[in-house]
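Q: Please give a close account of the interface between the two chains. What makes up the contact, and which elements supply it?

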Amino acid sequence: MKNIIELKDIHVSFDGEVILDHFNLAIKDKEFVTLLGPSGCGKTTTLRTIAGFVQPQEGRVLFEGQDISKLPAHKRQVNTVFQRYALFPHYNVYENIAFGLRISKTPEEEIEKRVKEMLALVNLKGYEKRNVSSLSGGQQQRVAIARALVNNPKVLLLDEPLGALDLKLRKGMQNELLRIQRQMGITFIYVTHDQEEALTMSDTVVVMKDGLIQQIGTPEDIYNEPANPFVADFIGESNIFGGKMIRDYLVEFEGIEFPCVDAGFGENVAVDVVVRPEDIEILDAQDGMLCGTVETVTFKGVHYEMMVRSDRFLWKIHSIKCREPGDKIAMKIIPEYIHIMKKEAGTVN
Amino acid sequence: MRKFFEKSYMALIFGFLYLPIAYLIFFSFNEGKSKVIFSGFTLKNYVNLFRDEEIMQALLNTLIIAAIASVVATVIGTMAAIGIQRLRKWQRNAVMNVTYIPVLNPDIITGVSLMLLFSIFGITLGYGPVLLAHITFNIPYVILAVMPKLRQVDSSIYEAALDLGASPALAFRKAILPQIMPGIISGFMMALTLSVDDFVITFFLKGVEVETLATMIYSTTKVRIDLSMNALCGVMVLVVLIILILANLPQKKSGNKKREERI
C-alpha cells in the first residue's frame with residue numbers, strides 16, 4: 001500500500017521548547033492510525049502540522065508524494081474533527097454540515113443529497129433543523145464528524161474526539177467511528193491519550209513521548225512486544241524490573257533462572273524484564289519457585305488486583321482467583337509471557 | 001408605613017430625573033416668550049424650529065458627524081479588538097490599559113489636547129478635526145464592547161472554518177463575525193450616542209464655522225431666550241423614546257432566549 005501522508009524530519013518548537021524533534025512518520029492509505037502518548041508528547045502538534053495549523057520550522061509534509069508544507073490549511077485535502085467539536089453555534093445542524101460544500105460552491109441539490117447521506121451515516125436523520133447547542137455531547141460529535149466527512153477528504157484527522165464523552169457513550173462511538181472508517185474507506189489519523197481506545201480501534205499505533213516516536217506497530221505488537229519500559233508502562237499495566245540475560249533463551253531475576261523466548265542480547269547482559277499482571281499464574285506456596293506474600297487485594301470488577309511482595313520486587317497480579325492479604329503464594333510465569341528489553345537508563349528497580 | 005417610604009423614594013428619583021425634562025417640554029408649547037409664565041398653548045415653536053435654517057444645519061452636522069464617526073470607529077475598533085485578542089497576555093493587558101485611558105479621561109482634557117495637537121500642525125479647526133476627534137474618542141468604546149464577545153468565541157471554530165476550505169477572510173466573515181455581531185452593534189450604538197451627545201470635545205475643535213446641536217443649544221441659550229430650543233429638546237426626547245421602544249420590542253417577544261445570548 002502506498003503512503004498517503006509522510007512527515008519528513010519535522011521540527012517544531014514554541015518559545016524555544018521543542019515539541020517535535022526531527023520527527024519522521026509515514027501513514028499508509030486507508031489505515032486507522034492512532035497517535036498515542038501522555039499530554040505534552042506532541043501528538044496534537046503532529047495532527048495540527050498535517051492539518052496546516054502549525055508551520056514547522058524544518059521538515060516537509062508530503063500528501064500523496066506532493067510537498068504540501070507551504071500549502072495553507074484551507075487548501076489541504078484533509079479535514080479535522082476537533083476536540084471540543086467546534087461547531088458553528090449560529091448555524092443549525094444542516095448548515096453546519098453544509099458549510100464546506102457551500103464554500104466550494106456546490107449546487108444546492110447536490111448539497112442536500114450529500115448532507116442527507118452524512119446524516120444517515122452518523123445516525124442523525126431528522127436532526128436537520130435542530131440548533132447545535134440543543135444537542136447532547138455525543139450528537140454534537142456526530143455532527144462534527146459529518147461536517148468533516150461531507151467534503152470527501154482522503155484523510156480525516158481526529159483530535160481526542162471522544163475525550164469529553166462518558167465511558168459508555170465513548171465505547172459506542174468507538175465502534176461507530178470504526179464502522180464509518182470502513183464504510184468510507186479513508187485514512188483516519190486519531191489522537192488520544194487513552195491506551196485502551198488506541199488498542200481497540202487502530203490498525204497501527206504510534207506511541208509518542210517528548211516529541212519522539214517510541215514505537216510504531218500493530219496493537220498486538222505494541223502490547224506484547226513493547227520496545228522500551230516507557231511503552232510497556234504506558235500501554236496497559238506491567239511489572240518492569242532489572243534482570244540478567246544468562247544466554248539466549250535463559251534469563252535470571254529474583255535469583256532464579258527462567259527459560260524465555262528471547263535471544264540475541266549476548267551473554268550475562270543486564271536487561272529489563274516485563275511481565276504483564278494478567279500473565280502471572282497463582283499457585284499454592286509449595287508448588288512454585290518464585291514465592292511471595294500478598295500485601296493488598298483490590299476488587300476491579302473482572303478480576304482482583306493483588307500486590308505481592310517477593311524477595312526483591314513488588315508484583316502486581318491480575319487474577320480471577322482471590323487470595324487474602326498475608327497469604328503466601330507461588331507465582332508461575334511461562335516463557336512466552338516473559339518479555340526481555342534492552343536495558344535503558346532510568347529504569348526503576 | 002414602609003410601603004409609603006418605598007413609594008415616595010421611587011417618586012423622588014423619577015421626579016428628579018424627569019420633572020426638569022417635562023418642564024422643558026411643557027414650555028415648548030408656550031404661546032408667550034417666557035420660560036416661567038405659561039400664557040397659552042401653541043405649536044408655533046415647533047414650526048419655527050423646522051423653519052430655522054441654523055438649527056437644521058446643526059442637526060444635519062450632528063447626524064453626519066455621528067454617522068461617519070461611529071461607522072469608522074466601529075470598523076477600526078473591531079479590527080483593533082481582533083488584533084488585541086491575539087496578543088500575548090501581558091501585551092494585551094498593556095494595550096487594554098491604554099485603551100481605558102481615553103474612556104476615563106475627562107472630556108475637557110481630550111478636547112484641549114486635541115485642539116493643541118491640531119494647532120501645532122497648523123490645521124484649521126472645523127469639520128475635519130471634529131470628525132477625527134469623534135472617531136478617536138469612539139474607538140475605545142467599540143473595543144470595550146467587542147472584546148468580551150470575542151473572548152467567548154472558541155478559537156477552534158475559526159480553525160474549523162479554515163479546515164473546511166474557507167479562506168482566512170471568509171472564515172472570519174462566516175465563523176467569527178456572526179458571533180461577535182451583538183458586541184459590534186452595541187459598540188456602534190454606543191459610539192453613535194456618544195457622538196450625538198458630545199459637547200465638550202466638539203466645542204474645542206469646531207472652530208467658527210461648524211455647529212452641532214449640542215454647541216448650538218449651548219450658544220443660543222446663553223444669548224437669547226428662545227422657546228424653539230425647548231421644542232428641539234422635545235423632539236430629541238421623543239426620538240430617543242421611539243428608539244428605546246423599538247429596541248425593546250423584539251426583546252420582549254423572544255423573551256429569555258435573547259437575554260441568555262447576551263450573557
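A: Contact here means heavy atoms within 4.5 Å. By that criterion, 19 residues of chain B are in contact with 23 residues of chain A. The model is predicted: local features need pLDDT of at least 70 and side-chain atom pairs count only at pLDDT 80 or more, whereas totals for chains, interfaces and linings use all residues. Residues are numbered from 1 along each chain as its sequence is written, chains are lettered from A in the order in which they are written, and side-chain values use heavy atoms, with hydrogens and water left out.

Between them, chain B and chain A bury about 1,700 Å², 62% of it on carbon and sulfur atoms; this buried area is the accessible area (1.4 Å probe) that two parts lose on being put together, summed over both.

Two salt bridges are counted between chain B and chain A, each being a side-chain nitrogen of Lys or Arg within 4 Å of a carboxyl oxygen of Asp or Glu. A:Asp15 forms a salt bridge with B:Arg88, and their closest N and O atoms are 3.7 Å apart.

On the side of chain B that touches chain A, the elements giving two or more residues are helix H7 (155-163) and helix H8 (168-197) of chain B; helices are DSSP runs (H or I, at least four residues), numbered from the N terminus. H7(B) gives the most to that side, with seven residues. By class, the side of chain B that touches chain A has 10 nonpolar, four polar and five charged residues, where Ala, Val, Leu, Ile, Met, Phe, Trp, Tyr, Cys and Pro count as nonpolar, Asp, Glu, Lys and Arg as charged, and the others, Gly among them, as polar.
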